[in-house]
Amino acid sequence: MPTDIERKCCGQLLDSCVSMLPHMDAYIMQGGVLRLARRIWNDVRAVADRPDPGEDNKQFRFAAYRQFVVWQYGALARGHRVVIPSCCVWRIPDPLGQYVGFLTRR
């Protein structure tokens with residue numbers, strides 16, 4: 001990971017690593033789940049769910065990150081951010097190599 005704050009592991013052994021749990025596949029790695037999560041997120045924000053050409057992968061990755069945070073930490077207050085363990089970040093596909101990294105706040 002590019003920064004020290006992002007070099008965080010879940011701290012579990014490989015056989016019980018969060019990134020390898022069946023829940024990770026069920027909640028975060030399935031396209032249908034991410035598509036629905038993206039639609040709900042856009043609906044809550046009152047924006048159209050029309051991804052720009054080439055943005056689908058980026059939006060699915062962000063949906064996967066949000067899904068992971070809700071699964072592990074619950075809904076966070078506005079402006080509250082957490083670092084996703086690097087073992088889980090690496091499981092979320094990024095074929096274009098556009099990983100933005102952890103932003104302390106927007």
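Of the 16 residues in the largest nonpolar core, Met24, Ile28, Phe68, Ile84, Cys88 and Ile92 touch the most other members. A nonpolar core here is a set of buried Ala, Val, Leu, Ile, Met, Phe, Trp, Tyr and Cys residues joined through side-chain atoms within 4.5 Å. This is a predicted model: local features need pLDDT of at least 70, side-chain atom pairs count only at pLDDT 80 or more, and totals for chains, interfaces and linings use all residues. Residues are numbered from 1 along each chain as its sequence is written, and side-chain values use heavy atoms, with hydrogens and water left out.

## Exercise 1: helix 3

Describe the span of helix 3, its buried residues and what covers them.

*Solution.* 
- Step 1. Work out the expected span: 1.5 Å times one less than the number of residues.
- Step 2. Compare. Helix 3 has 18 residues and reaches 25 Å from first C-alpha to last, close to the expected 26 Å.
- Step 3. Pick out the buried residues. Buried means under 20% relative accessible area, exposed over 50%, partly exposed in between (1.4 Å probe, protein chains only). Phe60, Arg61, Ala63, Ala64, Tyr65, Phe68 and Val69 qualify in helix 3.
- Step 4. Identify the cover. It includes helix 1, helix 2 (31-44) and helix 4.
- Step 5. Check what follows the helix. Glycine 74 comes after helix 3 and has a positive phi, near 80 degrees.
- Step 6. Move on to leucine 76, in the loop between helix 3 (56-73) and helix 4 (86-89). Leucine 76 is partly exposed, at 30% relative accessible area. Leaving aside neighbours within four places in sequence, its contacts are Val69, Arg81 and Val82.

## Exercise 2: the salt bridge

Which side chains meet in a salt bridge?

*Solution.* 
- Step 1. Apply the cut-off: a side-chain nitrogen of Lys or Arg within 4 Å of a carboxyl oxygen of Asp or Glu.
- Step 2. Count. The rule gives one salt bridge.
- Step 3. Name the pair. Arginine 91 and aspartate 25 meet at 2.7 Å, N to O.
- Step 4. Arginine 91 lies in the segment after helix 4 and aspartate 25 in helix 1 (residues 22-27), so the bridge ties together parts 66 residues apart in sequence.
- Step 5. Arginine 91 is partly exposed at 24%. Aspartate 25 is partly exposed at 34%.

## Exercise 3: the cysteines

How many disulfides does the structure hold?

*Solution.* 
- Step 1. Apply the cut-off: a pair of cysteine sulfur atoms within 2.5 Å.
- Step 2. Count. The structure holds zero disulfides.
- Step 3. Check burial. Cysteine 17 is buried at 7% relative accessibility. Cysteine 87 is buried at 16%.

Note on methods: Helix = DSSP H or I, 4+ residues; strand = E, 2+ residues; numbered from the N terminus. Contact = heavy atoms within 4.5 Å.
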